[in-house]
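Subject: Structure handover

Dear colleague,

The structure you asked for is below, with notes on what was found in it. Please read the notes with the coordinates open.

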Amino acid sequence: KTVATVTCQVTGIPTPKVRWLRDEIEIIEEEEEEIETYYEERTGHVRLTVKRPKQNVPVVFTVVAENKFGKAVGKANVYIQSVVLERVKPSAVAPQIVQPLEAQVVRTGSTLVFECRYTGLPKPTVKWFRNSKEIVEEEEEVIIVTEEYYSRLEIRRVTRQRGGKYEITVTNEAGQAKSSASVAISDATDTDEAKAPRFIEPLVPKLIAEAEVCILEASVESYPTSTFQWFKEGTAIQSTNEQRIVTKENRSILIIESFSRRDTGAYTCRAENVAGSVTSTATVQTLDTIETEEVTEYISPRFLETIKPTRVMDGERLTLECQVMAMPLPKVHWYHNAQLIQETKDKQVQQDSTGRCVLTISEVFPEDKGEYTCVASNKIGEAICRATVNVEPFEYVPDSEQFRSSEEDLLTDKSISTLEEYAEPIEYAPQIVKQLPTVIHTQERELTKLEVKVLAHPKPQIRWLKAGEEIIPSEEFQIENFDDGTSILIINDIYPDDSGEITFEAHNALGVAMTTAELVVEGTYLSGSALECATHSKNSAIIAGRWQWWLL
């Protein structure tokens, strides 16, 4: 049996009243056997408890707190996922190699040593191979030592016949992990500058629910830079829209957009350069193949860093980055002017397990300018961030044109003024150089002024909004705009019911900019204030709640 709990905290003077809604329908507790609500007016703590919630059915709960000065609204998505299938013992954990093998170049007659550390439950069995043939301790020169989650292969007095590919496999009932490395035998006495790959971030086993995003990552240290190959059960993986391989310098990422049962199995990443090669293998399973009593916390996507407006020259490289937090990992899609961006050799989309998302266009053209959007979504919700990219055209001027004017003409006031007269101003999206303060406190009946300043070319269209509604100039609201980009909103005879969110917005063909303030009007005779939430977002009317699940 499970219990879902939604909590938040509100403050306000006078003490606000609280009510709950489920999918926009008000909850009447007397008619609900499975729902209990709690409200501690002294501290403002609010809690809703759902007994035996339906599994695999998303529900939106809304809390509304209200007093005579205003109201605040908060929402939470509740989703309980059922995960019960007995296929592997609860204690079984697939092996993971934490110290992979390293490629080596050794001299004839010296000793070759490989060491490997690993994990897994139950305790895995270990085998060593050379060129796919199992190594046994039948020869005097070969020593294999396997202790608690550690194995060591030692070959003394090596000859040229000992070169090749060495591999260790670690296996238990939950899966298998592998690591391999190349060995070159050399008579050279000088150390070569080339450095064979060494895993600093090997693959780790994964448990992925169906239809979720699966990301496998591997990093090596090597010189020169390594090339990477990916394999599933020994078959090479080709990069497609469904299974994307993104490699940069000594790091490679495999992204499976929508994981399914057919994607389960052992995955291998191979890194190679002129000095040698190494491999790392890990098992990926569907989440419902293991019985678990752990509770998973689900987090709707939220951008920690958004895309930044960018200006690039025609022919240059464009890189847009953002970072999103979500659980489970979100699916990420990029759009250009509302059109989905398909990955090509010139357009590369990258996402890693930390939430870092990158769009790279190797060479931009004027038609690449416009609005770029990143959309991150999982089963709980969706987050969107946008930014404008302006591509400046590159104009080729022949040398003969550059130096056609005489030195005397260039130094005269006339030629300078002519250049200024015909120079075209650079176009750019609106930039607010004087922002609104986060909170503005004012007294009832006072004259209130809000001032901003925006720069843009071409000249932007501007507007002021109150609680999302455009403010139309009247006796109560006056708007003054100046040529330098300054805009002033004047509110005459302000009253407590004017409290709320005030937004200034400026836009032109290249983008949009806005700034927002929370206006708080304090009454002259009543010691009251509009509701203040314990946590604020851009819309101050949102109560930031947290919700937790327990298994009883």
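Threonine 62 is found in strand S6, residues 59–67. Helices (DSSP H or I, at least four residues) and strands (E, at least two) are DSSP runs, numbered from the N terminus.

This is a predicted model: local features need pLDDT of at least 70, side-chain atom pairs count only at pLDDT 80 or more, and totals for chains, interfaces and linings use all residues. Residues are numbered from 1 along each chain as its sequence is written, and side-chain values use heavy atoms, with hydrogens and water left out.

Is threonine 62 buried or exposed? Threonine 62 is buried, with a relative accessible area of 3%. Buried means under 20% relative accessible area, exposed over 50%, and partly exposed in between (1.4 Å probe, protein chains only). Leaving aside residues up to four places away in sequence, threonine 62 touches Arg19, Trp20, Leu21, Glu24, Val73, Gly74 and Lys75; a contact means heavy atoms within 4.5 Å.

S6 as a whole is largely enclosed by the rest of the structure, because seven of its nine residues are buried.

S6 pairs in the antiparallel sense with strand S2 (residues 17–22) over six bridges. Two strands count as paired if DSSP finds at least two bridges between them. Threonine 62 in S6 is the bridge partner of leucine 21.

S6 is also joined to strand S7 (residues 70–78), by nine bridges, and these two run antiparallel. Valine 60 stands opposite asparagine 77 in S7. Between S6 and S7 there are two residues, and the two strands form a hairpin.

A second hairpin

Strand S22 (residues 243–248) pairs with strand S23 (residues 251–256), antiparallel, over six bridges. Glutamine 243 has isoleucine 256 in S23 as its bridge partner. The hairpin of S22 and S23 has two residues between the strands, and glutamate 249 there takes a positive phi near 55 degrees.

The chain overall

The chain has three helices and 45 strands. Of its 552 residues, 43% are buried. Among contacts in the chain with a separation of 6 or more, 67% are between residues 24 or more positions apart. The accessible surface of the chain comes to about 31,200 Å², and carbon and sulfur atoms account for 48% of that. Accessible areas come from the Shrake-Rupley method with a 1.4 Å probe; for residues, only the protein chains shown count as cover.

Regards
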